[in-house]
Structures are given as C-alpha cells and as structure tokens.
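Me: I've got a model open and want to learn how to read it. Can you walk me through it?

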Amino acid sequence: LVQGDPQEARALYEDILIHVTSFFRDPAVFDALESQILPAILKDKPEGAPIRIWVAGCSTGEEVYSIAISVLEVIGNSSRPVQIFGSDLSEPVIAKARAGLYPDTALRDVSEERRRRYFTKAENGYRINKSVRDLCVFVRHDLTRDPPFSKLDLVSCRNVLIYFDLPLQKR
C-alpha cells in the first residue's frame, strides 16, 4: 500500500514521528530558564538587541509558546524585540503550532493566571493570544540536514535529542 500510494507513505511518515510535548513540561527547567538563563542572556545583551531563541523539534508548539511566555514575564514591560523560531520535520504539526489552538486538556499544567493572561477561550479549547503568537515563527526544518538558525541566544533541543542515537546526537 505504501509503495503504491504516496499519501499512505506520507501518513506513515507522520505516524512514525513522535509528537509528545506539553506546556511548561518539567517546571524545574522553566524555573531555571526564568531565574538564571534568561537574566544571564539579558545581562550581556545591548539595549534594543533582539533575544533570539530556537526550539528544534517543536511539535505542535507548546514548548515554543511556554518559552515565549517565560521571556515575556522576565522582560516585563521592556520593548526588547523577541524572536522565537520553532522548527519540526512535520508540516501538519507546524500548522497546528501556527494556529495556536489547544484543547482544554493541553493546558492542565498552565496556571490559572497564565491561562487568563496569555490564552483566549475558544469553542474547542484555548487559543494562545496574538501577542505571544507574534513572537513565534514556525517552519519545517530537518535538523539532521538543514543548516541551523544563526545568531541565537538559546537553543532548546529537549523535544528532539532524546530520540537521536549517539552518533546523530554528536553530529
């Protein structure tokens, strides 16, 4: 079936990819991001210089949006530009990330305060607010073949490196 039908081959390819992610997965990581990593990045940044972050293997975008929310909370009312790139092999999950629409169950680890501040209730769940979505660019990208993004302050590979074998991790 796969040999005779390109759509079946694409469907199998999508099924093999692992799309497991959630908002603010592993809270200790986000505590460190907000209390140590982002302040260190900001300390060395000239005023007006953008913060540039790349989330490789971003799946449906929860990690990208979680980082964006953390950055907004750390920079406060600053007008500093923020650019967060989310990339994944799968075009369908990139489309979901761009839409920023998540079922109620996806927000189980999001505090009520953050839910009120950064999400809008929609018919089928919650949509991440435009002010957060505007910081994020989602693209299809093959981490193993395509050149990396450049001039970055932070790269998050949490969703992808655990699935690579040792030679690919080293590369």
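Me: How many helices and strands does the chain have?

Reply: Helices are DSSP runs of H or I with at least four residues and strands are E runs of at least two, numbered from the N terminus. Here the chain has seven helices and seven strands, in the order α-α-β-α-β-α-β-α-β-β-α-β-β-α. Mind that this is a predicted model: local features need pLDDT of at least 70, side-chain atom pairs count only at pLDDT 80 or more, and totals for chains, interfaces and linings use all residues. Residues are numbered from 1 along each chain as its sequence is written, and side-chain values use heavy atoms, leaving out hydrogens and water.

Me: Which residues of helix H4 are buried?

Reply: Buried means under 20% relative accessible area (1.4 Å probe, protein chains only). In H4, residues 91-99, that applies to Val93, Ile94 and Ala97. Looking down the axis of H4, they fall within an arc of 105°, so they line one face of the helix; the arc is taken from the directions from the helix axis to the C-beta atoms.

Me: What covers the buried residues of H4?

Reply: Contact means heavy atoms within 4.5 Å. The cover includes helix H3 (62-75) and strands E2 (82-88), E3 (101-102) and E6 (136-140).

Me: And what sits just after H4?

Reply: Gly100, with a positive phi of about 65°.

Conventions: Buried < 20%, exposed > 50% of the residue type's maximum accessible area, 1.4 Å probe, protein only.
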